[in-house]
Amino acid sequence: MPIIVIVIIVSFVILGVILSLGKGAFLIAGYNTSSKEEKAKYDEKALCKFMGKSMFVFAFCVFLWELSELIKQPIVFYIGLTLFIGTIIFISIYVNTQNRFKK
């Protein structure tokens, strides 16, 4: 595995751990630029945990992409790509509907 891919996977895993612990809300785009009044409306810990789980999925997707290169099976890349795109769509819909992370 090229070193850059390992760095990317490890970065996603580290971010996933930090966020899963309910910490690191300043790393979440949009939330970090909100005013204190706006941030007070959200359950920061639940939002962080959700985004942490998402980071683990992204790390797995990158792993699948590299695995497809190692075993010379393009289908593994397409599975990882489908999972990646599906996760982005799911996150976008899940976070922006029904005020799930509002207090």
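Biologist: What share of the residues in the protein chain is buried?
Modeller: Buried residues account for 27% of the 103 residues in the protein chain. Please keep in mind that this is a predicted model.

Biologist: Noted! How many helices and strands does the protein chain have?
Modeller: There are four helices and zero strands. Read from the N terminus, the order of elements is α-α-α-α.

Biologist: And what box do the C-alpha atoms fill?
Modeller: Along the principal axes, the box is roughly 50 × 25 × 20 Å. The accessible surface of the chain is about 6,800 Å², and carbon and sulfur atoms provide 69% of that.

Biologist: What about contacts between residues at least 6 apart in sequence: what percentage join residues at least 24 apart?
Modeller: For the protein chain, that figure is 63%.

Biologist: Let's switch to charges. How many positive and negative side chains are there?
Modeller: The chain carries 11 positive and 6 negative side chains, with 7 Å between the centres of the two sets.

Biologist: Which lysines gather in a patch of positive charge on the surface?
Modeller: That patch brings together Lys23, Lys45, Lys49 and Lys53. Lys45 sits in helix H3, which covers residues 44-71.

Biologist: Is Lys45 buried or partly exposed?
Modeller: Lys45 is partly exposed, because its relative accessible area is 44%, which falls between the 20% limit for buried and the 50% limit for exposed.

Biologist: Good. How many salt bridges does the structure hold?
Modeller: It holds one salt bridge. Glu38 and Lys41 form it through their side chains, at 3.4 Å from N to O.

Biologist: Why can side chains like that pair up at all?
Modeller: Opposite charges can pair when the charged atoms of the side chains come close.

Biologist: Where does that leave the pair, then: are Glu38 and Lys41 buried or partly exposed?
Modeller: Glu38 counts as partly exposed because its relative accessibility is 27%. Lys41 is also partly exposed, at 43% relative accessibility.

Biologist: One more residue, Glu37. Where is it placed?
Modeller: Glu37 belongs to helix H2, which spans residues 36-39. With a relative accessibility of 58%, Glu37 counts as exposed.

Biologist: And how far apart are Glu37 and Val57 in space?
Modeller: Their C-alpha atoms are 31 Å apart, while the two residues are 20 apart in sequence.

How values were computed: Residues are numbered from 1 along each chain as its sequence is written. This is a predicted model: local features need pLDDT of at least 70, side-chain atom pairs count only at pLDDT 80 or more; totals for chains, interfaces and linings use all residues. Side-chain values use heavy atoms; hydrogens and water are left out. Patches are made of residues with over 30% relative accessible area and no salt bridge: like charges are joined within 9 Å, nonpolar side chains (Val, Leu, Ile, Met, Phe, Trp, Tyr) within 5 Å. Accessible areas come from the Shrake-Rupley method with a 1.4 Å probe; for residues, only the protein chains shown count as cover. A salt bridge is a side-chain nitrogen of Lys or Arg within 4 Å of a carboxyl oxygen of Asp or Glu. Lys and Arg count as positive and Asp and Glu as negative; His and the chain ends are not counted. The place of a charge is taken as NZ of Lys, CZ of Arg, CG of Asp or CD of Glu. Helices (H or I, at least four residues) and strands (E, at least two) are DSSP runs, numbered from the N terminus. Buried means under 20% relative accessible area, exposed over 50%, partly exposed in between (1.4 Å probe, protein chains only). Contact means heavy atoms within 4.5 Å.
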